[in-house]
Each structure stands twice: as C-alpha cells, then as structure tokens.
Amino acid sequence: MESSVSVVYVESNRMSQRKQTVIDILRDNPGFVSGEAMSAKLGISRNAVHKHVKSLRARGYQILGISRRGYRLEDEPRRLSMGHITDRTADSAFGRSYRYYDEIESTNVETKSLANSGAPEGTVVIAECQTAGRGRLGRRWVSPAGKGLLFSVLLRPTMPMEDAHLLTLVAAAAAAEAIETLSGTTVKIKWPNDLFIGDRKVGGILMEVSGEQDEVDWIVLGIGLNVNTEFSELPVALRRTATSMKMAGGELVDRSDVLATLLLSLEAHYQTALRGGFDKALTSFRERDYLLSRTISVETRQGPVVGAAAGIDDRGALLVELPHRRVRSFHSGDVTLQH
C-alpha cells in the first residue's frame with residue numbers, strides 16, 4: 001500500500017520586498033556594502049536599513065556590521081530537507097502530513113487550531129522561527145532561526161484524561177533515545193519534561209490536552225531542541241545553563257536527520273504505550289533521571305518544599321524524601337536544584 005505524504009510550505013509573514021532587496025544587494029557584493037549605499041538604492045533612511053538588517057538576523061541570516069565599513073553577508077539559514085525527512089518517515093503515521101513555516105507565532109498554537117479543524121493524528125507542524133514560543137509554566141522558548149528544531153505533533157489517543165500526562169514521559173524518553181542514537185551522548189531527563197546533556201538543558205517538551213474527563217480528544221506535543229545553536233547565540237541569561245547538540249559534540253548536526261529520527265522514535269514509543277501501557281517509558285525515564293538523589297526544591301502554592309529526589313512513581317509523579325524518611329509525591333511544580 002502506498003503512503004500519501006503531504007508537505008505544505010507556509011510563508012507566513014512573507015519577507016517584504018525591501019528585506020529581499022537587502023539580501024540581494026549583499027549576495028551580489030561579497031565585500032562590505034555601506035549603509036549609505038544601501039540607503040540610496042532602497043530610497044530609505046540608514047536607520048531603516050539597520051532595522052531591516054536586524055529583522056533578517058532574527059530570521060537566521062548572519063550579517064556582519066562594522067562601523068564605517070557597512071554590512072557583509074556571512075551566511076544564510078539552512079532549511080530542513082523535507083524530501084530527506086519524508087523519505088525516512090513515509091511509512092510512519094507521523095510522516096504523512098507536514099506544515100512547514102518560515103516563521104510562526106507558535107507551532108503548538110497552530111497545531112491546536114488544526115486539531116480543532118479535524119486534522120489527522122500524526123500531523124507535524126514545523127517552524128524555523130517562532131515569535132511567541134513557550135515552554136512549561138509559560139516561559140518563553142528562544143531559538144535562533146535555522147539552528148534548532150521547533151515542532152509539534154498532533155496525537156488523538158484513545159485513553160482517559162487521567163493518563164494523558166504520562167505521554168510527556170513517553171515523548172521525553174523518545175527524544176532522549178533519538179539524540180543518543182545520533183550523537184552517542186548520554187541524555188538525562190529532568191522531571192517532568194526537560195532534556196539535559198551534562199548539567200545543561202538541550203531541549204524541552206510542552207504538552208497540551210483537550211477532551212472530557214473520561215476521554216482525550218487531542219494532545220499536542222511541542223518539542224524544542226537546540227541542535228546547531230552556538231554559545232554566542234544563546235541569550236546571556238541562559239549561557240550557564242543551556243547547550244546544543246553541536247556545542248556538546250563539537251560538530252555540525254544534520255537537523256533533518258534529527259527530526260526524522262525523533263519522529264520515528266516518538267511513534268515507536270507512543271504505539272508501545274497505547275498497546276501495553278507506560279512501563280517502557282517509566283523505565284526509560286528512571287534510567288535517565290537527572291534529579292535522582294539530588295537535593296531539590298519544589299515550588300508549591302504553600303511555598304517551597306526541599307528534600308532529596310527519590311525518583312518517580314508509576315503514575316509519573318515526582319517522589320521527594322523529606323526529613324524522617326517521609327516521602328511526598330508531586331504531580332506538578334517547578335523544580336530547582338539546591339547546591
């Protein structure tokens with residue numbers, strides 16, 4: 001039986017003609033082009049030229065600017081090879097419907113909209129750049145255009161709502177195994193949804209659910225992964241806590257390979273969970289537990305709770321050992337290491 005694969009390229013917020021002209025000028029001139037010359041050619045102020053350059057940098061164009069010399073195009077963003085990806089995922093349920101955005105508010109927001117419009121399970125929404133990407137607890141997810149992976153997958157599992165949260169562990173285990181397969185680097189999982197290489201975060205997962213108490217309607221799994229991000233491209237506030245696959249391994253990584261491998265791993269783990277429960281995901285998580293035996297603080301409505309991380313229970317709750325060997329479980333909460 002032949003698989004039908006759909007790839008839709010969506011150029012939202014299409015690049016303006018003036019931005020395109022800026023790129024064309026820089027491509028045609030391998031040396032520096034003065035802001036004055038670009039201003040004259042475009043018929044706009046030098047300040048407007050600078051704003052266009054700044055916007056292009058946000059889209060992944062590496063443009064060097066030096067006072068009194070002007071601008072020079074150093075590199076252009078490398079797009080994903082959708083042909084390579086679809087060749088590898090053509091027989092997968094997660095490889096039949098793709099929407100690939102140059103720029104979007106959020107892949108999760110778009111996937112939720114598609115879910116409500118009846119999109120099939122396995123629909124994948126990918127973006128090179130997000131203007132309002134979110135992580136867990138509403139935190140902003142920042143990723144330079146063309147350097148990471150930002151995507152969401154639509155799931156429609158037949159399961160009660162009370163089990164849905166366990167799919168976060170499934171996704172974390174699948175992503176960790178995919179990264180390890182490609183890089184040979186050990187990946188740890190920080191409860192409930194962060195991926196770590198060493199003591200630095202390389203990726204995260206955001207799950208959103210819709211349905212009734214007795215049955216899930218849809219689940220959107222959003223995954224953000226730093227692939228080829230350079231140290232200098234990280235926000236200053238994250239340079240002590242974040243990393244990328246390239247930073248960890250020292251070599252450029254093929255993002256298309258990463259996405260295809262991750263989707264195949266996710267589907268395999270997901271189907272295993274649907275058929276036989278969550279034992280495999282729980283085991284995989286426990287083998288990679290970043291917090292285990294460390295002193296942590298869990299933020300609750302009543303204030304922080306400090307204790308030693310003691311793993312997770314069979315429902316995926318975090319176990320914390322308190323004084324007098326009392327163990328308390330947490331189904332949610334912000335966790336920080338205590339040094």
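The largest cavity of this predicted model is lined by Val-170, His-269, Thr-272, Ala-273, Gly-277, Phe-278, Lys-280 and Ala-281. A cavity here is a set of points on a 1 Å grid over the protein atoms alone where a 1.4 Å probe fits but cannot get out, and lining residues have an atom within 4 Å of a point. The elements that give two or more residues to this lining are α8 (255–276) and α9 (279–287), and α8 gives the most, with three residues. Helices are DSSP runs of H or I with at least four residues, strands are runs of E with at least two, and both are numbered from the N terminus. The lining divides into four nonpolar residues, three polar and one charged, where Ala, Val, Leu, Ile, Met, Phe, Trp, Tyr, Cys and Pro count as nonpolar, Asp, Glu, Lys and Arg as charged, and the others, Gly among them, as polar. The space in the largest cavity is about 30 Å³, a volume being the space filled by probe spheres set on the points, which are joined across faces, edges and corners.

Features in this predicted model are local only where pLDDT is at least 70, side-chain atom pairs count only at pLDDT 80 or more, and totals for chains, interfaces and linings use all residues. Residues are numbered from 1 along each chain as its sequence is written, and side-chain values use heavy atoms, with hydrogens and water left out.

Helix α3 (residues 46–58) has 13 residues and reaches 19 Å from its first C-alpha to its last, close to the 18 Å expected at 1.5 Å a residue, the expected span being 1.5 Å times one less than the number of residues. Within α3, Val-49, His-52, Val-53 and Leu-56 are buried, that is, under 20% relative accessible area with a 1.4 Å probe and protein chains only, whereas exposed means over 50% and partly exposed in between. The face turned away from the buried side of α3 carries the exposed residues Lys-51 and Lys-54.

Strand β2 (residues 62–66) pairs with strand β3 (residues 70–75) in the antiparallel sense over five bridges, pairing being assigned if DSSP finds at least two bridges between two strands. In this hairpin, which has three residues between the strands, Arg-68 takes a positive phi near 70°.

How values were computed: On a 1 Å grid over the protein atoms alone, a cavity is a set of points where a 1.4 Å probe fits but cannot get out, and a pocket is an open set with protein on both sides within 12 Å along at least five of seven lines; lining residues have an atom within 4 Å of a point.
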